[in-house]
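Hi,

Here's the structure I promised to send over.

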Amino acid sequence: MKKPLLETILDPQNLSVRFQPIFRIGDAENRVHSVEALIRGPRGTPFESALILFDYVRRKREERAVDHACLAAIFAEAVHLPPEFRINVNVHAATLGQQPGFVDSFRQLAKKHALSLDRFTVEIVEYAPTCDIPELAHTIAQLREARIRVALDDVGLGQSNYRMMLDCHPEYFKLDAYFVRGLKDDSKRRAVVESVVAFGRALQSAVVAEGAESMEDIAMLAEMGVEFVQCNLLCPAVTLEELLVSGVVGRAAPRLTLSADMKRLVRQAVDIAASVESPALSLNSARWVGRSRTS
Amino acid sequence: MNNRILIVDDDDQLVEAYRDYLSGLGYPVDTAGEIEEAQTLMSHFSYSVVITDLRLSRLSFGGLELVKFVRSLAIPTRVVVLTAYGWPELKAEASNQGVDAFLRKPMRLSDLAKTVEILSGANA
């Protein structure tokens with residue numbers, strides 16, 4: 001019999017981890033605020049792609065088991081990250097909403113690897129409309145008690161809608177790349193970004209824009225009050241080794257072109273985010289110069 | 001339409017045999033051992049021909065479930081169903097479900113290849 005794919009995936013040895021920095025924008029230097037840990041499936045198979053891997057996992061309705069395998073793989077690598085880095089991990093809402101003991105098992109993993117819980121942000125991803133919101137809210141409360149922050153991923157698409165934005169009340173809204181690409185030349189997309197930024201301000205949630213494709217778009221995002229950017233332009237998802245030797249840390253960053261008004265707006269946004277900011281590393285470069293372009 | 005082939009069977013050895021043979025003839029081949037794996041691949045890649053065992057994922061007629069999925073996608077992918085059973089009723093049902101070819105196991109690999117050639121040619 002062929003070994004079931006799920007069995008292969010549930011072995012953390014068959015999963016690999018990439019890290020993609022999230023940059024704070026708009027202040028004197030772009031800085032790394034955190035790194036998102038991203039999973040890749042069994043090497044050399046179509047399921048190495050996270051998109052395909054998690055499509056399969058959701059079809060199997062095995063989000064819970066696979067989320068745990070992914071966390072085990074991530075924690076094993078995260079021990080080698082500089083302690084200044086915050087660490088973002090993706091967890092399905094179905095996992096948070098269906099497993100009362102999630103936070104305890106997260107805590108045990110952190111303890112096993114001697115990682116402080118307050119370094120983590122759990123990014124909630126959701127594709128199914130069947131999530132148990134009260135149970136999810138309960139788990140989010142437990143995460144906060146453990147000093148783990150919460151982000152809502154893919155804001156604006158699918159189940160990451162206004163209801164989830166309200167019910168999760170995350171520290172971060174991660175605005176999907178769909179609304180960010182080509183922002184500078186698209187007033188309709190700018191209108192979406194403005195609305196999410198305004199909503200974030202009302203809820204005291206910071207906005208992370210994903211997928212910007214030009215420095216002009218990043219400058220525009222800063223002008224509009226977006227505080228964080230995560231995109232391949234600045235740094236793609238890379239292995240731990242590549243991240244540590246890439247030159248992303250330390251070199252002077254190209255300054256974004258900001259008008260006085262833009263700077264004022266950015267400062268307001270920065271003030272809002274100040275309470276959730278961590279010690280950050282200075283960047284070597286705002287543009288990715290590493291050898292690998294794995295993403 | 002490309003000539004990419006998807007082989008779906010939970011028998012590891014048969015999958016390898018089909019893959020080696022068809023790859024040797026120049027077809028790009030992916031494999032899956034269960035319905036969900038096959039559905040995922042079909043959602044992300046285009047296949048000219050899908051070859052599936054009738055009995056799949058412990059379901060006696062799991063292959064027909066997969067055929068329903070293929071047809072729900074409204075794509076021109078051709079489907080070959082393999083089975084050790086030879087019931088006429090089963091062939092009729094498979095045909096009703098939109099199966100393009102029905103091969104009885106064990107069959108010669110050359111027969112499988114000929115069927116794939118005809119079906120993928122029809123898709124060209």
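Let's start where the two chains meet: H2(A) passes H2(B) in a right-handed crossing. (A crossing is right-handed if the near helix is turned clockwise from the far one by less than a right angle, and left-handed if anticlockwise; helices are DSSP runs of H or I of at least four residues, strands are E runs of at least two, and both are numbered from the N terminus.)

Before going further, some housekeeping. This is a predicted model, where local features need pLDDT of at least 70 and side-chain atom pairs count only at pLDDT 80 or more, while totals for chains, interfaces and linings use all residues. Residues are numbered from 1 along each chain as its sequence is written, and chains are lettered from A and ligands numbered from 1 in the order in which they are written.

Back to that helix pair. H2(A) and H2(B) pack with their axes 9 Å apart, at an angle of about 140°. (Axes are lines fitted to C-alpha atoms, for helices over the stretch in contact, and angles run from 0 to 180 degrees between N-to-C directions.) That makes H2(A) oblique to H2(B); under 35 degrees counts as roughly parallel, over 145 as roughly antiparallel, 65 to 115 as roughly perpendicular, and the rest as oblique.

Who touches whom? From H2(A) there are A:Ile52, A:Asp55, A:Tyr56, A:Arg59 and A:Lys60, and they meet B:Glu36, B:Glu37, B:Gln39, B:Thr40, B:Ser43 and B:His44 in H2(B). (Contact requires C-beta atoms, placed from the backbone, within 7 Å.) By class, the residues of this contact are two nonpolar, four polar and five charged. (Ala, Val, Leu, Ile, Met, Phe, Trp, Tyr, Cys and Pro count as nonpolar, Asp, Glu, Lys and Arg as charged, and the others, Gly among them, as polar.)

For the interface as a whole, ten residues of chain A are in contact with 14 residues of chain B. Helix H2 of chain A (residues 50-60) gives the largest share of chain A's side, five residues. That side has six nonpolar, no polar and four charged residues.

One to click on is B:Ile35, which counts as buried because it has 21 C-beta neighbours inside 10 Å. (Buried is 20 or more other C-beta atoms within 10 Å of a residue's own, exposed is 12 or fewer, and partly exposed is in between, with C-beta atoms placed from the backbone.) Its C-alpha atom is 7.8 Å from that of B:Val8, 27 residues apart along the chain.

Over in chain A, there are eleven helices and nine strands, and 44% of the 295 residues are buried. In H5(A) (residues 102-112), the buried ones are A:Phe102, A:Val103, A:Phe106 and A:Ala110. They cover an arc of only 90° around the axis, so they sit on the same side of H5(A); the arc is that of the directions from the helix axis to the C-beta atoms. Helices H4 (93-98) and H6 (133-145) of chain A are among what covers them. The face turned away carries the exposed A:Asp104, A:Gln108, A:Lys111 and A:Lys112.

Cheers

Methods:
Contact = placed C-beta atoms within 7 Å.
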